[in-house]
Amino acid sequence: MTAQGYEAYPAPAKLNLDLRITGRRADGYHELESIFCLIGLSDTVWLRLRDDGRIVLHNPTGVPAEQDLAYRAAAALQPFARSGSGVEIRLDKRIPAGGGLGGGSSDAATVLMVLNRLWQCGLSRADLAALGLKLGADVPFFLFGRHAFARGVGERLAPIDLPFQWYVVVRPPQHVATAAVFGHPGLPRNSTPAARADYWALQPLRNDMQGVVLAQYPAVAQVFRALSVFGEPRLTGSGSCLFLAFDSRQAAAETAEKLTADGEVWCVPQLVRHPLADFLPDF
């Protein structure tokens, strides 16, 4: 799709179907294990090439352009492009900020994948992942191109098979401060590492951050209770979004219709792979 010289590219959201904290490193970062799942909720990244070397972000998402992850992704890649390579970026945001759905990281990954091709940089998936990790821990996952089991801070990725499901995702009307959750003294930090990347062996799925978030954020806890009537909700990432999994679209849609008063609600399918996976075929 084009508009005024721009080309549109998708940037899908993710869910953490499972998230466990296995330790804390000397540098303060936490060692994690998580199942990342791509879902059918997506931002759109609009790009238009320039030949004057400028990177222009027309609608930064509430922060100075130079701090926006999409802008920073283009700036990180630009040294690998020919002289004069520039770009204009517009973001059509549907993924809510601060919900644990990875919207900013996904935007950055899409910028890296597309500009790597358009600017003819020639970087591999691994090269881009190394750049992406400097932008945010979730960026390498979106570059990975498929569902993944993640270790470390989220950068050590392995493919994982998942049953196809539909998800009802709800964003409570409350922002969760990720740094405060990670720093909370009651946060579990000693989960046993998994023996292998196996969805079924990890049952029952959980999120080690969920207890702290529910105790500290009443609006999130209220949505959790509302969702609990229909199944076993889980937090994605550090929140604030919660989700329920369903085997059919009909069951998910019927539940979503009953939750419109509890916050923003989406009924979305699991994706089979990232829609731009072919931009980087070297799995």
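**A closer look at A194**

Tutor: A194 is buried, with a relative accessibility of 15%. Buried means under 20% relative accessible area, exposed means over 50%, and partly exposed lies in between (1.4 Å probe, protein chains only). Before we go on, note that this is a predicted model: local features need pLDDT of at least 70, side-chain atom pairs count only at pLDDT 80 or more, and totals for chains, interfaces and linings use all residues. Residues are numbered from 1 along each chain as its sequence is written, and side-chain values use heavy atoms, with hydrogens and water left out.

Where is A194? It sits in the loop between α5 (178-183) and α6 (210-216). These names follow DSSP runs, numbered from the N terminus: a helix is H or I over at least four residues, and a strand is E over at least two. Leave out residues up to four places away in sequence, and A194 touches E33, F149, R151 and L202. Touching here is contact, meaning heavy atoms within 4.5 Å. Now look at S34. It is 160 residues from A194 in sequence, yet their C-alpha atoms are 9.9 Å apart.

The loop between α5 and α6 also holds P204. A cis peptide bond joins Q203 to P204, with omega about -5°. Another cis bond runs from G239 to S240, where omega is near 20°. S240 belongs to the loop between β9 and β10. For background, most peptide bonds are trans, and most residues other than glycine have a negative phi. Q120 has a positive phi, near 55°, and is not glycine. It lies in the loop between α2 and α3. Q120 is exposed, at 65% relative accessible area.

Follow the chain on to helix α7 (residues 218-228). Its buried residues are A219, V220, A221, V223, F224 and L227. Their cover includes β8 (166-171), α6, β9 (234-235) and β10 (242-246). A245 has its place in strand β10. It counts as partly exposed, at 34% relative accessibility. Its contacts, leaving out residues up to four places away in sequence, are Q165, W166 and Y167. A245 and Q270 are 25 residues apart along the chain, and 9.7 Å separates their C-alpha atoms.

Next, the helix pairs. Two packed helices are described by the angle between their axes and the distance between the axes. Axes are lines fitted to C-alpha atoms, for helices over the stretch in contact, and angles run from 0 to 180 degrees between N-to-C directions. Under 35 degrees counts as roughly parallel, over 145 as roughly antiparallel, 65 to 115 as roughly perpendicular, and the rest as oblique. A crossing is left-handed if the near helix is turned anticlockwise from the far one by less than a right angle, and right-handed if clockwise. In counting residue classes, Ala, Val, Leu, Ile, Met, Phe, Trp, Tyr, Cys and Pro are nonpolar, Asp, Glu, Lys and Arg are charged, and the others, Gly among them, are polar.

Take α2 (residues 103-118) with α3. Their axes are 10 Å apart, at an angle of about 150°. That makes α2 roughly antiparallel to α3. The crossing of α2 over α3 is right-handed. From α2 come A108, L112, M113 and N116, and from α3 come L128, G132 and L135. This contact of α2 with α3 has 5 nonpolar, 2 polar and no charged residues.

Now α1 (residues 69-77) with α3 (residues 125-135). Their axes come within 10 Å and cross at roughly 135°. α1 and α3 are therefore oblique to each other. This crossing, too, is right-handed. L69, R72, A73, A76 and L77 of α1 meet L128, L131, K134 and L135 of α3. By class, that contact of α1 with α3 has 7 nonpolar, no polar and 2 charged residues.

Step back to the chain. It has 8 helices and 11 strands. Its radius of gyration is 19 Å, close to the 19 Å that the globule rule gives for 283 residues, so the chain is as compact as a globular protein of that length. The radius is taken over C-alpha atoms, and the rule is 2.2 Å times the number of residues to the power 0.38. Along its principal axes, the C-alpha trace spans about 55 × 45 × 35 Å. Of the 283 residues, 51% count as buried. Among contacts between residues at least 6 apart in sequence, 76% join residues at least 24 apart.
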